[in-house]
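Reader: I would like to learn how to read a few features of a protein model, slowly and with the definitions spelled out. Could you take me through them one at a time?

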Amino acid sequence: MASLKQALSSLPHHLRGTQSFFRLVRWEACLDADEENVNFARKDELNRTHTEEKEEQDATMTPEFNAYHQDPGYQFKAHMQGAQTKLITTWEAGWNVTNAIQGIFVLGLPYALLHSGYSGLFLIILAAMFCCYTGKILIACLYEENEDGQLIRVRDTYEDIANACCKNLFPRLGGILVNVTQVMELIMTCVLYLVCSGNLLSHSFPYIPVTEKTWSVLAFVTLLPCVFIKTLNIVSKLSLLCSLVHFVIIFIVMSYCLTQIHLWSWTRFRLSIEFEDFLVSVGVIIFSYTSQIFLPTLEGNMKNPTEFSCMLNWTHFFACLFKTSFALTAFLTWGEETKEVITDNLPSSLQTLVNLCLVAKALLSYPLPFFAVTEILHNCISCSNHSDYRAYLFIVVLRGFVLLFTLLMAMFIPHFALLMGLTGSVTGAAMTFLLPSLFHLKLKWEKLVFLEKCAAIFVFIVGFLCSLAGIVCSIKRLIEAFGGR
């Protein structure tokens with residue numbers, strides 16, 4: 001499984017009072033949402049624009065929106081004019097987050113433990129805390145307090161947050177850079193799912209005289225219905241199916257490991273580690289928790305946004321629990337023989353079954369980043385004066401182009417996994433650690449206490465170091481790959 005192995009080994013290494021700080025991360029936040037003092041503005045479109053000049057509210061606004069506090073300068077805009085309006089439940093939002101943080105690369109966690117030892121277990125827990133924290137402070141940047149101390153949603157997207165931070169110098173530059181970063185990250189993720197699907201299918205049916213690229217084309221055909229997805233609800237249901245397939249995979253692998261419990265030995269954990277191998281482990285672990293790109297849209301489309309923090313807590317808690325259990329049992333079973341993709345350690349009969357499950361998981365994972373990137377592109381280039389039919393036709397054509405573009409990249413870019421490691425070291429670390437902490441400091445500086453400022457600065461430094469290390473290692477591997485041609 002060469003391509004999938006390269007993808008895992010070259011992943012990016014990106015990794016108010018004192019009471020209010022702990023409240024941001026503690027579990028009591030699930031039970032202590034003060035709905036009398038915290039009023040969230042709601043929306044029924046997927047995206048909205050926060051204008052700089054204050055305007056009066058539209059007199060034709062529906063009663064549902066009049067029931068919530070709203071910034072007069074906050075306008076609603078249907079960025080995806082072909083999309084139907086339908087809010088998602090907390091459970092549906094949770095399945096989308098679970099889809100993002102329980103990806104295929106969980107299969108590389110046992111190999112990460114091989115190179116990180118006991119520190120790897122600590123990293124799995126720490127990464128969950130960090131990514132959950134940055135997700136919360138990113139969403140906090142969407143809100144501002146009014147004169148009565150009530151929280152009002154005045155921004156909608158990552159782009160809006162960036163524009164708010166850069167408005168004094170370059171009003172639109174921040175949003176443009178964030179959009180470019182998001183598009184790069186999401187496109188790369190979509191392409192990687194196609195690459196993995198082709199690789200897995202070719203290894204599942206080696207007796208069929210079909211190339212890996214041909215298998216990728218067949219996977220592409222199954223993804224064609226994605227161009228007709230109209231609502232985030234459909235994506236949520238696909239994420240649910242993806243999560244169920246993921247649990248089946250974990251169950252199969254862990255069940256086999258438990259049958260080998262007599263082989264387990266704690267002495268297999270390393271006390272000494274090599275620095276470069278350790279960085280690979282950090283990249284695999286941190287990258288498996290990233291979901292920040294999707295959070296503003298998910299939170300804005302929730303029927304009950306007050307439950308977002310609770311949802312984020314539980315999804316990351318269970319992700320951490322599953323990842324720790326899975327990585328630990330698999331590593332204790334195979335020890336030094338643990339391979340980069342743990343399914344390669346399974347007997348051939350189980351390996352084929354798990355590979356097919358992985359193909360299903362990759363294809364079910366594709367719609368979430370695909371839906372997000374087409375939303376961003378549509379928002380950037382669409383005009384609002386088209387009829388509903390022309391708007392829907394435009395979005396279908398746009399999605400078809402993006403879908404085809406991901407296939408072409410998967411088929412014709414050499415050493416794609418290594419290239420993704422390089423770009424992901426910049427884009428992934430930026431979207432997960434650097435920008436959320438930087439934007440939080442910029443927008444909330446006067447309201448943050450010393451401990452909160454230190455936390456955000458610490459996360460920024462960690463993200464920067466991980467990104468730098470990831471860039472260096474990725475460039476080194478690219479040089480080695482092209483030098484060996």
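This is a predicted model: local features need pLDDT of at least 70, side-chain atom pairs count only at pLDDT 80 or more; totals for chains, interfaces and linings use all residues.

Reader: Is Phe464 buried, partly exposed or exposed, and why?

Author: Buried means under 20% relative accessible area, exposed means over 50%, and partly exposed is in between, with a 1.4 Å probe and protein chains only. Phe464 is partly exposed because its relative accessible area is 44%.

Reader: Which residues form a nonpolar patch on the surface?

Author: Patches are made of residues with over 30% relative accessible area and no salt bridge, nonpolar side chains (Val, Leu, Ile, Met, Phe, Trp, Tyr) being joined within 5 Å and like charges within 9 Å. Here Trp445, Ile457, Ile461, Phe464, Leu465, Leu468 and Val472 form such a patch, with about 660 Å² of accessible area together.

Reader: How should I read a salt bridge, and how many does the structure hold?

Author: Side chains of opposite charge can pair when their charged atoms come close. The term requires a side-chain nitrogen of Lys or Arg within 4 Å of a carboxyl oxygen of Asp or Glu, and the structure holds five salt bridges. In one of them, the side chains of Arg155 and Glu144 meet at 2.9 Å, N to O. Because Arg155 lies in the loop between β4 (151-153) and α7 (158-166), whereas Glu144 is in strand β3 (residues 143-145), the pair ties together parts that are eleven residues apart in sequence.

Reader: Which other residue forms a salt bridge with Glu144?

Author: Lys444 does, with the closest N and O atoms 3.8 Å apart. This pair links distant parts of the chain, since Lys444 is in helix α17 (residues 416-444) and Glu144 in strand β3, 300 residues apart. Both Lys444 and Glu144 are buried.

Reader: Where do the partners Arg153 and Glu299 lie?

Author: The side chains of Arg153 and Glu299 meet in a salt bridge of 2.7 Å, N to O. Arg153 lies in strand β4 and Glu299 in helix α12 (residues 295-300), so the pair ties together parts 146 residues apart in sequence.

How values were computed. Residues are numbered from 1 along each chain as its sequence is written. Side-chain values use heavy atoms; hydrogens and water are left out. Accessible areas come from the Shrake-Rupley method with a 1.4 Å probe; for residues, only the protein chains shown count as cover. Helices (H or I, at least four residues) and strands (E, at least two) are DSSP runs, numbered from the N terminus.
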